[in-house]
Amino acid sequence: MIYPPHGISLLKRTIDVKPIDRRKFIGASVLAGSTALAAAESVDSSTSNNGTAHPPEVTRILAKYIVSGELAAVPPGVRKEAARTLLNWVGCAIGGSGNSAVDIAISTLSPFFGPRQASLLGRKERTDILHASLINGIASHVLDYDDTHLRTIIHPAGPVVSAILALSEYQPVSGSDFLNAMILGIEAECRIGNSVCPAHYDVGWHITGTAGVFGAAAASGKLLGLSEGQMVWALSLAATQPVGLREMFGTMTKSFHPGRAAQNGLTAALLAAKNYTSSDQGIEAKSGWANVLSTKRDYSEITSKLGQTYEVSLNTYKPFACGIVIHPIIDGCIQLRNSNNLAPSDIDRVELKIHPLVLELTGKKTPQTGLEGKFSVYHAAAVAIIEGAAGEKQFSDRAVRDLAVITLRDRVSATIDPSIKEDQVRIAIQLTNGKRLEKFIEHAVGSVTNPMSDKDLETKFVGQADGILPSAQVRRLMDLCWNIEALPRAAAVAEAASV
């Protein structure tokens, strides 16, 4: 996934965002008797922004909320979106399970695996829960096909679900407790991400790893039954383990970030459960996470309206296996291709008017590997026109080296237009017969305003599991994800996802 460092306009930069139709339920309930909420509403964000002497007790406020959070207080629509998030993550982890990055990680680390406590999704191997969280986290992100919280561009499920699904195989966890922990973990990581976005990204951090560790620690700590004090320590232990640099985009190391965040967060919770002490202000202290890792911060983004708004409600899912900023280009190119029955030989050139961010992050003109192709707007446009798709196969080593794709790719130009937003594109295709085709994409398929349906998610899941799991097993696994809240054992999901 790709992250916008400047002037995020994908969503309003406030958690109290006016919801679209499918999320009218946001803000429908308040946690009864939550002292955390009362404390949160009293935060002076103007004081917290400049890191002065007396910031609010953000770490403790968040810990109190996580420890007291109950699923019964969460609106049904939020729980449904969490189930969609789980379904999408499981499919992505299975789809990426055979990637060479996963193979290398397993072959390298297997001599050091511990007891066979947890499953590796889409594979036959089992390992200890810490390594399982790492490997499944890598697998779920390696195709860049996972969920995206658009405001921060965090991939929420990778760190959180990788950690707690492994933990659920180690100790008894009901489906309802799993779902509650998952929602709370996503809330923690995304709110912390909101508080430093976009300045944190500007200095070079990959926010899925750096904020995701908090989600993994919070969710794991919830399932471990941590006290408020122990949860404070878990969050502070997470704060001291940030992982992820933007420099690694286009390499296997990018997928290492959510995997290590899951492993680090789970480690933090396990240590805190045994009273391994840490700072009481790991997030907000002068030398804490927010001040060290970001030039700007707003702690009210973490504490305000806890229990009223839910960040998982703003989650989105990718129809294309690459970064979000390329999605409008792919969407528009596929539409023009299909509506005009285009062949590569018909095309003289393809002209893209894009936001500066697109070139900053996806300006690779001659990608040599599939991973590099995910960071090439030129490859994305060409392969979308030629193959009419942009899944795993279109961002493979084979695709970036295909002569027809290369030939068309060389006829794609991308020009910055300040009037174009990060999630938009203006496309013009000049045909060899002199005709000119044009398309403006305002909101690509898969965005908050143009979301994937449940059926779309299932189709994506089936495609990723094809050739890995039998079709009957795939259907059963999807049903388990949809009905996670009612499962006596959350571990059934991991078991059904194994070969």
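Predicted model: local features only at pLDDT ≥ 70, side-chain atom pairs only at ≥ 80, totals over all residues.
Residues are numbered from 1 along each chain as its sequence is written, and side-chain values use heavy atoms, with hydrogens and water left out.

The protein contains 23 helices and eight strands, where helices (H or I, at least four residues) and strands (E, at least two) are DSSP runs numbered from the N terminus. Of its 499 residues, 62% count as buried; here buried stands for under 20% relative accessible area, exposed for over 50%, and partly exposed for what lies in between, with a 1.4 Å probe and protein chains only. The protein exposes about 17800 Å², of which carbon and sulfur atoms supply 52%, and these accessible areas come from the Shrake-Rupley method with a 1.4 Å probe, where for residues only the protein chains shown count as cover. When contacts (heavy atoms within 4.5 Å) are taken between residues at least 6 apart in sequence, 79% of them join residues at least 24 apart. The structure holds zero disulfides, a disulfide being a pair of cysteine sulfur atoms within 2.5 Å. Among the cysteines, Cys 322 counts as buried because its relative accessibility is 0%, and Cys 481 is buried with a relative accessible area of 0%.

Two packed helices are described by the angle between their axes and the distance between the axes. Helix H6 (residues 129–141) and helix H7 (residues 157–170) pack at an angle of about 145 degrees, and their axes are 8 Å apart; the axes are lines fitted to C-alpha atoms, for helices over the stretch in contact, and angles run from 0 to 180 degrees between N-to-C directions. On the H6 side the contact is made by Ile 129, Ala 132, Ser 133, Asn 136, Gly 137 and Ser 140, which meet Gly 158, Ser 162, Ala 163, Ala 166, Leu 167 and Tyr 170 of H7. The residues of this contact divide into six nonpolar, six polar and no charged, where Ala, Val, Leu, Ile, Met, Phe, Trp, Tyr, Cys and Pro count as nonpolar, Asp, Glu, Lys and Arg as charged, and the others, Gly among them, as polar.

His 131 also lies in helix H6, and it counts as buried because its relative accessibility is 14%. Leaving out residues up to four places away in sequence, His 131 touches Leu 109, Phe 112, Phe 113 and Gln 263. Leu 109 belongs to helix H5 (residues 100–109) and counts as partly exposed at 23% relative accessibility. Although Leu 109 and His 131 are 22 residues apart in sequence, their C-alpha atoms are 8.3 Å apart in space, and Leu 109 touches Leu 134 as well as His 131, again not counting residues up to four places away in sequence.

Glu 187 is found in helix H8 (residues 175–196) and is buried, with a relative accessible area of 1%. Apart from its neighbours within four places in sequence, Glu 187 is in contact with Tyr 65, Thr 309, Tyr 310, Glu 311 and Val 312. Its C-alpha atom is separated by 9.7 Å from that of Leu 62, which is 125 residues away along the chain.

A cis peptide bond with an omega of about 5 degrees joins Cys 197 and Pro 198, and Pro 198 lies in the loop between H8 and helix H9 (199–202). In the loop between strand E3 (148–149) and H7 lies Ile 153, which has a positive phi of about 65 degrees although it is not a glycine; Ile 153 is buried, with a relative accessible area of 1%. Lys 305, in the loop between helix H14 (300–303) and strand E4 (315–316), likewise is not a glycine and has a positive phi, of about 60 degrees, but Lys 305 is partly exposed, with a relative accessible area of 23%. Leu 314 lies in the loop between H14 and E4 and is buried, with a relative accessible area of 8%. Leu 314 and His 149 are 165 residues apart in sequence, yet 6.2 Å apart in space from C-alpha to C-alpha.
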